[in-house]
Amino acid sequence: MKSKLIVFVLFLIFSNIASANVTLPNIFSDNMVLQRNSEVTIWGFANPQEEVVITPSWNKEIYKIKASNQAKWEVIIPTPKEGGPYTITIKGYNEIVLKNILIGEVWICSGQSNMEMNASWGIENGDESVKNATNSSIRFFAVPKLTATTPQNNLSGTWTECTPETMKYFSAVGYFFGKRLQEELKNVPIGLISSNWGGTPAEIWMPEEVIQNDVILLEAAKTRKEESYGPNQPGRAFNAMIYPLAKFKIAGALWYQGESNVGSTVYDRTLSSLITSWRKLWKYDFSFYYVQIAPYKYGEDHFGGSIIRDAQRKVLQEVPNTGMAVTSDISPIDDIHPKDKKSVGTRLANLALANTYKTNRALVNGPLYKGIYIEKNKITVTFDYADGLYFKDKKADLFEVAGSDNVFYKAAAVIKDNTVVLKSDKVKSPVKVRYAWKNTDQATLFNKANLPASSFISE
């Protein structure tokens, strides 16, 4: 009797092995978008040495791979130009057919609450945007809030078509970015992956070892306080909400975060390290566009927000293939969640259209501090993207100058040949300049594209 029981148990075990199902991470589902004109990795799990056969309908080629002794498999498949819908058939002991797949442009949208914010929160013209959101060639993948102490293989979620119901609860910045891209790229399908968490610091979105191996970042991370609304430990969201996406081919990433790092004096190093770590994980230097945080009343400290804005500006010079959307003209100072998300998404999209897709030749950046030269009691400030410099409403009161004592005084500012010439009776020998250096300062200096100048302080 005992021997029959053993035989029966062994039969069940081997039957289970023989019929082990091929499975896929949830990032592969019906309705997904794959990156066009590219080589995409498709991966999954199967019994060790099980042969997996993948057949995409766009080229009808057959790709065969055997699962490793770790029960994993992956295959690289070329994608054509934009189009669809297509199917992908994946066969092992079982068969999976992924349907309604589009080939287009894929972007990750990440950060804290201003990226998470959707139309249901109450955005400008939200009801009208929701009503008009039916667009079967924009697709969404929303990553749920998850944490992990080690990098994960998978995460929950599924791809959905853009409808009024799905758009209402998806990142508004992401949606408006995708909508603007599609207008210019002539209906190329857009896939948007939203992975964000309100109130979180940048440190949780990057590998823990990056912070552990950098004394400066580690000291900054130690100052993070525990919060009830989200994690503060390095790597926790990265492990669960970014790492599982890493082999999924993307055109680039959007980032809207920084409010929870106000108080940091090393945010440029933090953000630079985050971008570098993501690119290392994906193994290519994809485009990375981010939003400069908006003016806001950050309590007694008058400069914490300005320091973050200036750090974000510096990252443009430190990290290649990046761009920054300045928002200090479209944000009230008493709301940390500005409701004009369409302008933010559009500005990010215009950066991508100019720099990633090369279809937009218009001026897409606001004036960015370039340098100063000093002549006796005057300082001349030069800017990149300075064509058509003007002061909005003729207000020229956000510039300050300081001498060697580092005490700043308001300066009279005059625009001359697309530079700004500064002078203060209180500073006879100026050496430094700063602009829009209070937390609540809203831009007054613009260029001909009506884009605002970034806050800055000269070094």
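Biologist: By class, which residues make up the lining of the second largest pocket?

Modeller: This is a predicted model. The lining of its second largest pocket has ten polar, six nonpolar and five charged residues. Those 21 residues include Thr223, Arg224, Lys225, Ser260 and Val262, which lie nearest the centre of that pocket.

Biologist: How is such a space found, and what is the volume of the largest pocket?

Modeller: A probe the size of a water molecule is rolled over the atoms, and this shows where empty space is left. The largest pocket has a volume of about 490 Å³. Its lining has 21 residues, and the closest to the centre are Glu74, Ala246, Lys247, Leu281 and Lys283. For the second largest pocket, the space is about 330 Å³.

Biologist: Which elements give two or more residues to the lining of the largest pocket?

Modeller: They are β2 (39-45), β5 (72-78) and α9 (267-282). The most comes from β2, with five residues. By class, the lining of the largest pocket has ten nonpolar, seven charged and four polar residues.

Biologist: Now a single residue. Is Thr200 buried or exposed?

Modeller: Thr200 counts as buried because its relative accessibility is 0%, and the cut-off for buried is under 20%. Thr200 sits in the loop between β10 (190-196) and α6 (208-212).

Biologist: What is Thr200 in contact with, leaving aside its neighbours within four places in sequence?

Modeller: Thr200 is in contact with Gly111, Gln112, Trp205, Pro231, Gln257 and Ser260. With Trp205 there is a polar contact between the two side chains, at 3.0 Å.

Notes. Residues numbered from 1 in each chain as written. Predicted model: local features only at pLDDT ≥ 70, side-chain atom pairs only at ≥ 80, totals over all residues. Heavy atoms only, no water. Helix = DSSP H or I, 4+ residues; strand = E, 2+ residues; numbered from the N terminus. Buried < 20%, exposed > 50% of the residue type's maximum accessible area, 1.4 Å probe, protein only. Polar contact = N/O pair within 3.5 Å; in protein donor to acceptor, adjacent residues only side chain to side chain. Contact = heavy atoms within 4.5 Å. 1 Å grid on protein atoms, 1.4 Å probe; cavity = no way out; pocket = protein on both sides within 12 Å on 5 of 7 lines; lining within 4 Å. Points joined across faces, edges and corners; volume = space filled by probe spheres on them. Nonpolar A, V, L, I, M, F, W, Y, C, P; charged D, E, K, R; others polar.
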